[in-house]
Amino acid sequence: MSTADRREHCRTAMSARVKVIHEELGEHVFPTRDISDGGIFIALEDASFAPELGDKVIVQVQGLPVPAPILNMVVVRKTDDGYGLQFALDSE
C-alpha cells in the first residue's frame, strides 16, 4: 500500500442504489461506486446533501427482492464527486 492510500481494505467496484438517511439533511438515494469490508463510496448527485465528516447516517441498499439490512455508518471522506461512508461499530 502506498503512503498516499491509507485504506485498510481493498475496494471492489459496485453499482447499486442506496438510501441514506441523515438526521438533519433527510433522506436521499445515491448510486454507489465501490464497497469494501470497511464501507462504501456514494456518488454525489444531490448538492443539497452535504454532511460533515463524522456525521452518522443510516444506509439501506434499494431495489432488492427483499428488504436489505439497515446499516449504521459514519461519513469519513469527502471528494468532489461523493462521500466515503464507514460501517459504524454497534456502540457508535
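Tutor: Let's start with a term: a residue is buried when its relative accessible area is under 20%, exposed when it is over 50%, and partly exposed in between (1.4 Å probe, protein chains only). The model is predicted, so local features need pLDDT of at least 70 and side-chain atom pairs count only at pLDDT 80 or more, while totals for chains, interfaces and linings use all residues. Residues are numbered from 1 along each chain as its sequence is written, and side-chain values use heavy atoms, leaving out hydrogens and water.

Student: Is isoleucine 70 buried or exposed?
Tutor: Look in the loop between S5 and S6, where isoleucine 70 lies. Its relative accessibility is 59%, and therefore isoleucine 70 counts as exposed.

Student: Which elements make up the protein chain, from the N terminus on?
Tutor: Elements here are DSSP runs numbered from the N terminus: helices are H or I of at least four residues, strands are E of at least two. The chain has zero helices and seven strands. From the N terminus on, the order is β-β-β-β-β-β-β.

Student: Which residues form the nonpolar patch on the surface with isoleucine 70?
Tutor: Patches are made of residues with over 30% relative accessible area and no salt bridge; like charges are joined within 9 Å, and nonpolar side chains (Val, Leu, Ile, Met, Phe, Trp, Tyr) within 5 Å. The patch has about 240 Å² of accessible area together. Alongside Ile70, its members are Ile21 and Ile58.

Student: What does proline 69 contact, leaving aside neighbours within four places in sequence?
Tutor: Proline 69 also lies in the loop between S5 and S6, and its relative accessible area of 59% makes it exposed. From valine 59, proline 69 is ten residues away in sequence and 8.5 Å away in space, C-alpha to C-alpha. Leaving those neighbours aside, proline 69 is in contact with Val59 and Gln60.

Student: Which residues does the cluster of ring pairs link?
Tutor: Rings of Phe, Tyr and Trp (its six-membered ring) pair if their centres lie within 6.5 Å; planes under 30 degrees apart are stacked, over 60 edge-to-face, and the rest tilted. Phenylalanine 30 and phenylalanine 49 make a tilted pair, 5.0 Å centre to centre with 50 degrees between the planes. Phenylalanine 49 and tyrosine 83 make an edge-to-face pair, at 5.9 Å and 85 degrees. The cluster links Phe30, Phe49 and Tyr83.

Student: How many residues apart in sequence are the parts tied together by phenylalanine 49 and tyrosine 83?
Tutor: Phenylalanine 49 is buried, and so is tyrosine 83. Phenylalanine 49 lies in the loop between S4 and S5 and tyrosine 83 in strand S7, so the parts this pair ties together are apart in sequence by 34 residues.

Student: Which side chains meet in a salt bridge?
Tutor: A salt bridge needs a side-chain nitrogen of Lys or Arg within 4 Å of a carboxyl oxygen of Asp or Glu, and by this rule the count is one. One partner lies in strand S3 (residues 26–35) and the other in the loop between S6 and strand S7 (82–87), so the pair ties together parts 48 residues apart in sequence. At 2.6 Å, N to O, the side chains that meet are those of arginine 33 and aspartate 81.

Terms used
Accessible areas come from the Shrake-Rupley method with a 1.4 Å probe; for residues, only the protein chains shown count as cover. Contact means heavy atoms within 4.5 Å.
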